[in-house]
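This report looks at charged contacts, aromatic contacts and surface charge in the structure shown below.

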Amino acid sequence: RWLRFRCKVCLTLTGQRAGPCGQAPNCRFYSGSATVPKVERANVTGIEEVVIPRKKTWDKVAVLQALASTVNRDTTAAPYAFQDDPYLIPTSSLESRSFLLAKKSGENAAKYIINSHPKYFQKDIAEPHIPCLMPEYFEPQIEDISEAALRERIKLKKVKASVDMFDQLLQAGTTVSLETSNSLLDLLCYYGDKEPSTDNHFQQSEKSEELEEAAEENNEKPKKANHQFGNLWRPENNAERIFALMPEKNSHSYCTMIRGMVKHRALVQALNLYTELLNNKLHADVYTFNALIEATALSAHEKPEDKWNNILELLKQMAAQKVKPNLQTFNTILKCLRRFHAFGKVPALQTFREMKAIGIEPSLATYHYLIQLFYHHENHSKGSSLIIYDIMNELTGRKFSPRDPDDDMFFQSAMRVCSFLRDLELAYQVHGLLNTGDNWKFIGPDHRRNFYYSKFFSLLCLMEQIDVTLKWYKDLIPSVFFPRSQTLIDLLQALDVANRLEVIPQIWKDSKEYGHTFRSDLKEEILMLMARDQHPPELQVAFANCAADIKSTYESQDGRQAAPEWPANSLNSIAVLFLRAGRTQEA
Amino acid sequence: MFPRVSAILPLRPLSRFPLCSGGSEAAIVLLGAPHGTVRTKNNVQRNFGTNSVNYSKKDEQSAPTHGISKETESQESVKENTKKDLLDIIKGMKIELSTVNVQTTKPSSRRQRKSVEATIGSLQKTLEDAPKKRTKSVSPELEAAASAVADFLRFDKQTTKSELLRQLQQHEEVSKTQKDGERTKISVSNIISDMKVAKSATGRVSTRPVHQIQFDEGTDSLMGQKTDDLKKSLRKNMLKGKRLNIFYLKTVTEEAPKTETAPSLWDVEFAKQLAMVNEQPLQNGFAEMIQWTKEGKLWEFPIDNEAGFDDDGSEFHEHVFLDKHLKDFPKQGPIRHFMELVTCGLSKNPYLSVKQKIEHIEWFRNYFNEKQDILKESGIRLN
């Protein structure tokens with residue numbers, strides 16, 4: 001039968017010329033007469049236009065992405081990143097963080113061992129070859145003193161070695177080309193004359209965040225802020241020395257020096273270097289201008305108005321030099337404006353409108369800075385701005401891609417504002433935006449995600465009907481975040497308002513799982529809620545069981561501490577509950 | 001670091017108010033909305049819960065209706081009870097006020113407190129003096145209570161008052177019909193939860209001004225039903241207005257001649273930072289497989305057996321038809337036989353590349369050339 005089919009296919013494909021299978025063999029091979037007229041017709045018409053569609057090329061992960069889009073989150077399971085073993089499923093946010101770190105550090109340890117003993121790992125049995133599993137080479141191979149060796153060391157990001165090589169080259173008398181010197185300057189300026197750190201990015205990003213926030217608070221004390229930044233630009237360090245040694249400097253050299261100085265907080269020198277650049281009639285690029293804007297904003301001992309005027313000056317120079325501003329320019333301006341607090345609101349809006357007028361699409365980080373500026377520290381002095389509603393109106397339904405390193409801070413600040421304004425519908429809007437497309441990836445690292453969901457859930461407890469709240473409770477906890485005891489207390493109070501106290505034993509059981517067994521404020525709350533009112537008998541029994549449980553946790557806690565701490569209220573409540581349930585013995 | 005909910009903790013020492021019995025749920029619930037803390041709100045709510053307990057004890061003696069619909073009751077005791085409840089609730093309101101004012105440090109709040117106290121005093125007097133009326137409409141005590149609440153909240157008094165009164169009227173009707181029907185137990189709690197639902201609809205409108213007891217003059221008239229207009233007017237403010245006027249669209253969009261330079265270290269590191277923004281732990285097994293495919297550890301779907309295997313671009317006929325490499329060998333004789341067997345074997349060998357097969361044949365050629373003297377002895381010709 002396959003032969004018959006093939007003939008038919010032949011016939012249709014080679015409509016114009018008489019194919020090898022003529023009409024007669026077809027008749028011979030199949031008996032169904034229904035198909036014969038079709039064949040005849042095809043032959044009669046002769047020319048048949050066959051439109052071969054253009055071949056689709058699929059991405060190599062297309063199949064997997066299609067499959068992945070069919071899978072939704074399982075609310076009863078632990079996140080996929082953890083091993084599905086009862087012992088290895090985390091029960092608190094601390095545990096989940098440490099499990100993930102353990103996994104990552106295991107991978108790093110394995111990679112480290114492979115890379116430090118490459119000769120033991122040479123056997124390659126994978127077909128086709130998998131390059132990323134083979135050991136990498138981190139030691140420079142070229143030993144002689146030459147520019148190629150210098151380039152190699154620069155590529156391997158070995159700061160000290162490249163500086164030494166550069167010095168050796170100069171002593172040997174060979175001139176180093178401008179490009180290589182520029183790339184050496186890049187390396188030095190980016191890493192601030194120290195070796196690149198080998199921490200994994202968890203610790204790095206946290207450190208930089210804490211430093212950033214600490215620096216904001218300490219804005220008035222520049223010295224302290226300087227000490228907190230690990231990597232300061234020391235004067236007369238290697239970068240400056242090499243910069244001075246270079247026979248010819250082009251704009252790239254100046255630019256990279258300025259950027260390095262700003263990155264390591266040598267602000268005055270950066271501005272001086274910029275004037276030197278202008279004196280040499282060179283042009284700065286947009287990144288340098290961004291760095292300079294940051295430098296003017298960070299310089300201490302100036303009033304915000306002066307700083308803003310300086311920034312405007314820089315922008316005018318930028319326009320005069322025909323340098324196109326990019327998204328980072330405006331984001332840097334907004335980031336600096338939020339330090340000016342009240343003064344910064346009007347300029348911020350102006351900047352935002354400018355950005356839109358030029359056609360640069362604002363990113364999530366832009367909106368984050370605006371929110372921070374307008375809702376700074378929840379001050380209640382004047383009326384709260386309503387700008388968040390405009391922002392959400394602009395953003396609903398849009399999908400984002402990362403364009404600024406601060407993009408992942410937007411959702412956290414948006415939810416903070418919603419919680420401050422006690423506006424549940426806005427919170428739903430924000431959550432909806434989070435769930436469109438791939439935006440969920442912008443939720444940020446662990447602590448931000450926990451913060452977002454804690455605020456969201458507290459707002460739900462406060463403002464939403466209890467059934468919906470309980471549904472969200474089942475949905476979010478524990479698969480998305482682990483509640484803090486304050487969150488659980490909020491939930492208990494919401495239950496209290498809605499008079500659904502029968503859920504309390506369930507919540508106590510859940511909170512034991514999340515490690516809140518020894519949180520005394522939570523236990524007091526539970527006991528007090530249970531003991532306050534009379535309830536139908538079966539509920540009393542459940543409450544009494546729960547109270548017995550809590551009592552046993554108090555007792556086991558005694559083993560840990562020297563002096564048992566039994567708050568009087570809890571004792572009261574426990575006694576009352578036992579009495580009501582008829583367990584007078586235990587009372 | 002982050003303004004967490006725990007920032008409210010310092011307000012914990014506020015003592016709870018043990019006696020406060022329930023009465024006008026509307027007042028309480030609206031008071032629940034103020035910017036005061038969750039704690040304070042829950043104090044109030046908790047007090048209400050206590051009251052529900054007290055109230056249910058009296059269920060057998062009175063018709064099971066909620067506290068507000070007093071005039072539909074015929075029992076004196078209930079009426080007195082509820083009047084007492086209302087008074088207590090207003091007392092509770094007063095205390096609620098003081099706590100709210102404690103948190104917001106504004107001098108005007110003190111003035112407010114005094115005015116509310118005055119109102120409450122007058123309200124109490126009116127309550128004690130007012131005779132009980134049995135009318136279908138909302139009783140004057142309730143009206144007075146509602147206006148006191150509206151005064152306290154100080155925004156859009158008319159709407160608030162009318163809302164409150166409307167709610168109360170609705171409840172009266174509901175309770176009346178239910179009472180006329182069977183004696184269903186309308187527990188106070190259900191009413192509370194209903195009220196809560198209603199509150200969130202109306203509360204949304206009023207939530208924002210509550211945070212600022214001082215109200216902006218400009219938006220005073222706009223609140224209430226005109227939130228949408230307000231939002232629209234603000235949207236105009238955000239998007240339309242003065243800009244910096246430093247850059248111009250024309251000059252910015254003209255493309256400067258781009259010189260192609262290799263991305264510098266700054267660009268590379270910036271790209272890496274951007275990639276880290278979106279990094280999240282994997283959500284399911286397919287995402288993990290996608291990551292492995294991108295790293296090159298996993299075969300690409302749909303599986304192509306010859307992925308990554310090029311075979312130097314040689315075709316099958318170069319593997320199979322190896323006769324042309326036998327040109328240098330004699331055309332007949334045992335050597336030819338042998339070499340034909342060799343080529344037959346090589347053509348069936350899937351593991352060698354074409355070059356390796358040719359090398360095999362070359363090796364044989366060299367070998368036979370070297371062993372020429374032995375061959376001559378055996379009389380085999382090798383030309």
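Is A:F343 buried, partly exposed or exposed? A:F343 is partly exposed, its relative accessible area being 27%, where buried means under 20% relative accessible area, exposed over 50%, and partly exposed in between (1.4 Å probe, protein chains only).

## Basis of the model

This is a predicted model, in which local features need pLDDT of at least 70 and side-chain atom pairs count only at pLDDT 80 or more, while totals for chains, interfaces and linings use all residues. Residues are numbered from 1 along each chain as its sequence is written, chains are lettered from A and ligands numbered from 1 in the order in which they are written, and side-chain values use heavy atoms, with hydrogens and water left out.

## Aromatic pairs

Over all chains, the structure holds 24 aromatic pairs, a pair being counted for rings of Phe, Tyr and Trp (its six-membered ring) whose centres lie within 6.5 Å, with planes under 30 degrees apart called stacked, over 60 edge-to-face and the rest tilted. One of them joins A:F243 and A:Y254 in an edge-to-face arrangement, with 5.3 Å from centre to centre and 80 degrees between the planes. Because A:F243 lies in helix α11 (residues 238–245) of chain A and A:Y254 in helix α12 (residues 251–263) of chain A, this pair ties together parts that are eleven residues apart in sequence; helices here are DSSP runs (H or I, at least four residues), numbered from the N terminus. Both A:F243 and A:Y254 are buried.

A:F343, the residue of the opening question, pairs with A:F340 in a tilted arrangement, at 6.2 Å centre to centre and 45 degrees between the planes. A:F340 is buried, with a relative accessible area of 7%, whereas A:F343 is partly exposed. Elsewhere in chain A, ring pairs link A:F410, A:F411, A:Y428, A:Y452, A:Y453, A:F456, A:W472 and A:F481 into a cluster.

## Salt bridges

The structure holds 16 salt bridges over all chains, each defined as a side-chain nitrogen of Lys or Arg within 4 Å of a carboxyl oxygen of Asp or Glu. In one of these, A:K160 and A:D164 have their closest N and O atoms 3.5 Å apart; the two residues are four apart in helix α7 (residues 159–172) of chain A, so about one helical turn separates them. A:K160 is exposed at 55% relative accessibility, while A:D164 is partly exposed at 35%. A:R449 and A:D446, with closest N and O atoms 2.6 Å apart, lie three residues apart in helix α22 (residues 446–463) of chain A, about one turn of the helix, and both are buried.

A:K356 and A:E394 also meet through their side chains in a salt bridge (3.1 Å, N to O). Because A:K356 lies in helix α17 (residues 345–358) of chain A and A:E394 in helix α19 (residues 387–395) of chain A, the pair ties together parts that are 38 residues apart in sequence. A:K356 is partly exposed at 29% relative accessibility, and A:E394 is buried at 11%. A network of salt bridges links A:K157, B:E269 and B:K272.

## A negative surface patch

A:D59, B:E300, B:D304 and B:E306 form a negative surface patch, for which residues must have over 30% relative accessible area and no salt bridge, with like charges joined within 9 Å. B:E306 is found in the loop between α11 (285–295) and α12 (316–320) of chain B, and it counts as exposed at 54% relative accessibility.

Methods: Patch = residues over 30% accessible without salt bridge, like charges linked within 9 Å, V, L, I, M, F, W, Y side chains within 5 Å. Areas by Shrake-Rupley, 256 points an atom, 1.4 Å probe, with all protein chains shown as cover. Lys, Arg positive; Asp, Glu negative; His and termini not counted. Charge placed at Lys NZ, Arg CZ, Asp CG, Glu CD.
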